[in-house]
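Biologist: I have the file open now. Can we go through a few spots in it?
Modeller: Go ahead, pick a place to start.

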Amino acid sequence: MSYEWWIGARYAGLSRAGRGGRRGDRFVSFVASSSMAGIALGVAALIIVLSVMNGFQTQVRDRMLSVLPHIELYVAGADHQQVLEHWQDLARRAEANPEVRGAAPFVAAQGMLARGQALSGVQIRGIDPAMEPGVSDLAGQMVMGTLDSLAPGTFNIIIGNQLAQSLGLDVGSTVLVLAPQGSISPAGFSPRMRRFTVSGIFSTGYYEYDASLAFVDVQDAARVFRDSGVAGVRLRIADMQRAPEVAHALLGSLPPGARAQDWTQNNRTWFAAVKTEKRMMFLILALIVAVAAFNLLSSLVMAVKDKRSDIAILRTLGATPREIARIFLVQGALIGVAGTVAGVLLGTLTAYNIDVIVPFIERLFGVQFLPQQIYFISELPSNPQTSDIIAVGATSLVLSLLATLYPSWRASRLQPAQVLRHD
C-alpha cells in the first residue's frame, strides 16, 4: 500500500492509528465518522422509500389486474353481435402465440346507473362467466353472490362494493342502466335504458374500480350497448410485464381493423403519474445524500486546515502536490464508499424485512400506520429493485467523490514555507 493510501485511511478514521492517535487525529476521525454516518442514513432512507413506493405500485397493479385482462383485442366500429359470433377466430389467432394463456369474449361500454335520485357513471364490461376465470381473477374478488349469476337474458349485474354503497344497492336490488345512445322523437331525446338486478358485489381494494366498474353478461351488454362501446377478446398472458411486446406481436396476425391494447395503455395516466412521483421522490430524497456530501466537503476542508503542518512536512520531504491531493482524495473516497456500502446494506436489509420491522414498531409504540379499513392492506408493502439500489449507490458515490475535489485541490496548493513560518 502506498503512503497516500495509508495516510488517507488514517485521516478517514479507518485505521487503528487514526482512531487511537493524538487528539487532533481523533477529532478529524470523529468528523469523518459523522460524514460517513450521514451518507449511510441518506442512502438507506432513499432505498427504503423507493422500495415502499415500488411495493404500493405492485399492490395496486395486481389489484387492478385481478379484474382486468392483460391484453384486449377489439374491432372498432364493428357490430357487437357480429364480433361475438366470430370471436373464436380472434382467440385462435391470439392463442397461436405461446405467451397467451387464456381468452374470453367481452363488450366494453360507458353507461350510467340510476337508483332513485342517485346517478353514477360507470364502465360496463360484458363478459362470459364460464370463460372469465381464464383471463381475470374476478371470481375470487366476489364478496357477495357468484360470477355464475350472469346468464344471457337474465339482465343481472355485478358491481363494486364502493359503487353499491354510494347507490345504496345490495344483492337483489334493481338498478336502471342507461346507455349513451337512444332515440329521437317529437318529444325529444330518449336514452336507451334497461332495468338490471344486482346479483353480486366484488371488491378489489382499488377504489377507482370498486366505485366505477360493473359486469354483465356479454350478450346482455351487446343488446343494451349495440350502438356504443367495443367488442372483442380479453387475453391473459404468461408474463404480464411483456404485455406491450406481446400486443405488438399479435397485430401482425389479426384481421384488418382489429386492434390490440395492453393493460399499460388502458391505465397509462395512472402509471405515468406513479413514474413521475417516484422520479420526484428520488430527486427530493437525494438531497439528503447531497447534504451529507456537503458535510463531507466541510469535514475535508477542516481536515486540510488541521493538517497544514503535516502537509508542509510531507512537501519538504519530497511529496509532490499531486501526491498531497491524492491523500485527501483517498480520505474522501474511503468515507464515501464506506458510508454508501453501509447505507446500501442497512437500506436493503430494512426493505426486505419491513414486514417484520413495522409491526414491531407498531406494537412498541401502540400505533397503526395503515388501518386496514382505510387502505385495504394490513402491512406496509416493500419491493426492493436492484436497479433502484444501484442508482442510489451510484448517486451517493458520485456526490461523495465530487465533494473531495475542492479540498484536495486546496491541500495541493499549500506552500510549505508559508505554513511552517506561520506555525
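Biologist: Is E99 buried or exposed?
Modeller: E99 is buried, with a relative accessible area of 17%. Keep in mind throughout that this is a predicted model.

Biologist: Which side chain does E99 meet in a salt bridge?
Modeller: That of R242, at 2.9 Å from N to O. E99 sits in the loop between α5 (87-95) and β2 (100-115), and R242 in the loop between β9 (230-237) and α9 (243-250), so the pair ties together parts that are 143 residues apart in sequence.

Biologist: And R242, what is its relative accessible area?
Modeller: R242 comes out at 31%, which makes it partly exposed.

Biologist: How many salt bridges are there in the whole structure?
Modeller: A search finds eight. One of them joins the side chains of R223 and D220, again at 2.9 Å, N to O.

Biologist: Where are R223 and D220 relative to each other?
Modeller: They are three residues apart in helix α8 (residues 218-224), so about one helical turn separates them. In general, an α-helix has 3.6 residues a turn, so residues three or four places apart point the same way.

Biologist: What about K278, which residue does its side chain meet in a salt bridge?
Modeller: D388, with an N to O distance of 3.0 Å. K278 belongs to helix α11 (residues 268-306) and D388 to helix α16, so this pair ties together parts that are 110 residues apart in sequence.

Biologist: Are K278 and D388 buried or exposed?
Modeller: Both are buried.

Biologist: Which residues are linked in a network of salt bridges?
Modeller: D89, R92 and R93 are linked that way.

Biologist: Back to α16. What should its 27 residues span, and how far apart are its end C-alpha atoms?
Modeller: At 1.5 Å a residue the helix should span 39 Å, and its end C-alpha atoms are 39 Å apart, so the two agree. The helix covers residues 386-412.

Biologist: Take V392. What is its relative accessibility?
Modeller: It is 1%, so V392 counts as buried. Setting aside neighbours within four places in sequence, V392 is in contact with V43, L46, I47, L50 and F282.

Biologist: How far apart are V392 and I47 in sequence and in space?
Modeller: They are 345 residues apart in sequence, and their C-alpha atoms are 7.0 Å apart.

Biologist: Which residues form a nonpolar patch on the surface?
Modeller: L329, V398, L402 and L405 do, with about 340 Å² of accessible area together. Helix α16 gives the most to this patch, with three residues, and L402 is found in that helix.

Biologist: Last one, S203. Where is it?
Modeller: S203 is in the loop between β7 (188-202) and α7 (207-212). Its relative accessibility is 17%, so S203 counts as buried.

Biologist: Which side chain makes a polar contact with the side chain of S203?
Modeller: The side chain of N161, at 3.4 Å. Not counting residues up to four places away in sequence, S203 touches Q141, V143, N161 and D210.

Methods:
Residues are numbered from 1 along each chain as its sequence is written. This is a predicted model: local features need pLDDT of at least 70, side-chain atom pairs count only at pLDDT 80 or more; totals for chains, interfaces and linings use all residues. Side-chain values use heavy atoms; hydrogens and water are left out. Helices (H or I, at least four residues) and strands (E, at least two) are DSSP runs, numbered from the N terminus. Buried means under 20% relative accessible area, exposed over 50%, partly exposed in between (1.4 Å probe, protein chains only). A polar contact is a pair of N or O atoms within 3.5 Å; within protein, one must be able to donate a hydrogen and the other to accept it, and residues adjacent in sequence count only if both atoms are side-chain atoms. Contact means heavy atoms within 4.5 Å. Patches are made of residues with over 30% relative accessible area and no salt bridge: like charges are joined within 9 Å, nonpolar side chains (Val, Leu, Ile, Met, Phe, Trp, Tyr) within 5 Å. Accessible areas come from the Shrake-Rupley method with a 1.4 Å probe; for residues, only the protein chains shown count as cover. A salt bridge is a side-chain nitrogen of Lys or Arg within 4 Å of a carboxyl oxygen of Asp or Glu. The expected span of a helix is 1.5 Å times one less than its number of residues.
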